[in-house]
Amino acid sequence: MHTPLTEPPAAAEAEHLERQRAAITRLGHELRALVEATVRTAASHDTLHRAADGVRHVTGQLTGRRRARAEVPEVDGFPGGPRMYSPVVGAGSPLAPPVHITPTDDGLIGHCTLGFAHEGPPGYGHGGMSAMLLDELMGQACTAAGTPGLTVSLQMRYHQPIPLETPLHILGRVTGTNNRKIFVTGAITTQADPSTNLVTADGVFIAPDPDQVRALFPGMREEA
Ligand SMILES: CCCCCCCC/C=C\CCCCCCCC(=O)SCCNC(=O)CCNC(=O)[C@H](O)C(C)(C)COP(=O)(O)OP(=O)(O)OC[C@H]1O[C@@H](n2cnc3c(N)ncnc32)[C@H](O)[C@@H]1OP(=O)(O)O
């Protein structure tokens, strides 16, 4: 029996992507800790200046080749694959909580905890953050239902404030379609009390036609 001297290209490529994703996730984790420390600290101006110098030094290590505006990162799949830098689900994004999404019987559920970087009223989540979380879950629910779509309308209802540092559930569910229109509902609850809706939303998403897909997403890879 022969042992291959080199790995097949597909396996080497998969291993490379896994290594990249692990490193991106690790940097994202550290950056989120930095962002949270930054918005909570009571450090002196001397310490803040020193930190700013340190961060500037780190930023200098991340220049070099940068992706173009419409380029889909090699570590991502679009639509329907990982989005490493999404401000909602991206493990590599300092802006993302990040949300972890799993399927339910009739839609999707996201799990996350908001920190002080996402604060609106003192101690509670920003209303725009709730809209962003729901837009993502509802958009991904369209993709999961087999009809990826873009948001054209998102009607938000804020019933109670969203507490920070509290595990949350975010739900997205397709309720119907009419030609290219996809009707979607969403809700945010705490994990501890999933029967009390804190925020709800109704959305209309539109499945773009093939010409629109080509024009909007020129960086989308053929296999998508
Ligand atoms: C196979 C590959 C597929 C790839 C697709 C990927 C998409 C998924 C991406 C990622 C998924 C995961 C990530 C989720 C992220 C969260 C989702 C976002 O944040 S998306 C960003 C924010 N949204 C926008 O930037 C849209 C901006 N709008 C547009 O670009 C256009 O409106 C577009 C292309 C979506 C549609 O343009 P038109 O000209 O074709 O559409 P018209 O003809 O105006 O409307 C079509 C139908 O929709 C109704 N409609 C339009 N606006 C409406 C509204 N506000 N409310 C209700 N109905 C509306 C109209 O009345 C019309 O209905 P009648 O056919 O006449 O029955």
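Tutor: Ala 37 is found in helix H1, residues 9–40.

Student: What makes a run of residues a helix or a strand?

Tutor: DSSP decides: a helix is a run of H or I of at least four residues, a strand a run of E of at least two, and both are numbered from the N terminus. The protein chain has four helices and six strands. In sequence order they follow the pattern α-α-β-β-α-β-β-β-β-α.

Student: How do you know how far to trust the model?

Tutor: This is a predicted model, where local features need pLDDT of at least 70, side-chain atom pairs count only at pLDDT 80 or more, and totals for chains, interfaces and linings use all residues. Residues are numbered from 1 along each chain as its sequence is written. pLDDT is the predictor's confidence in each residue, from 0 to 100. The mean for the protein chain is 95, and 96% of its residues reach 70 or more. The model scores are ipTM 0.95 and pTM 0.94.

Student: What makes a group of residues a nonpolar core?

Tutor: The members must be buried Ala, Val, Leu, Ile, Met, Phe, Trp, Tyr or Cys, joined through C-beta atoms within 7 Å. The largest such set here has 28 residues, and Leu 133, Leu 134, Leu 137, Ile 170 and Ile 188 have the most contacts inside it. Helix H3 (127–144) and strands E2 (108–113), E4 (167–178), E5 (181–190) and E6 (199–206) each supply at least two residues. H3 gives the largest share, seven. In soluble globular proteins, nonpolar side chains tend to be buried together.

Student: Which residues does Leu 134 contact, beyond its neighbours within four places in sequence?

Tutor: Contact means C-beta atoms, placed from the backbone, within 7 Å. By that test Leu 134 touches Ile 170, Gly 186, Ile 188, Val 199 and Ala 201.

Student: How do you know that E4 and E5 pair?

Tutor: Pairing takes at least two DSSP bridges between two strands. E4 and E5 have ten, in the antiparallel sense. E1 (residues 100–103) and E2 have four bridges and run antiparallel. They form a hairpin with four residues between them. In E2, Gly 110 stands opposite Ile 101.

Student: What is the strand order in the open sheet?

Tutor: The six strands run E1-E2-E4-E5-E6-E3, with antiparallel pairing. Neighbouring strands are turned by 20° against each other on average, direction ignored.

Student: Where does H3 pack?

Tutor: H3 packs on the sheet and touches E1, E2, E3, E4, E5 and E6. Its direction makes about 50° with that of E4.

Key:
Buried ≥ 20, exposed ≤ 12 C-beta atoms within 10 Å, placed from the backbone. Contact = placed C-beta atoms within 7 Å. Axes fitted to C-alpha atoms, helices over the stretch in contact; angles between N-to-C directions.
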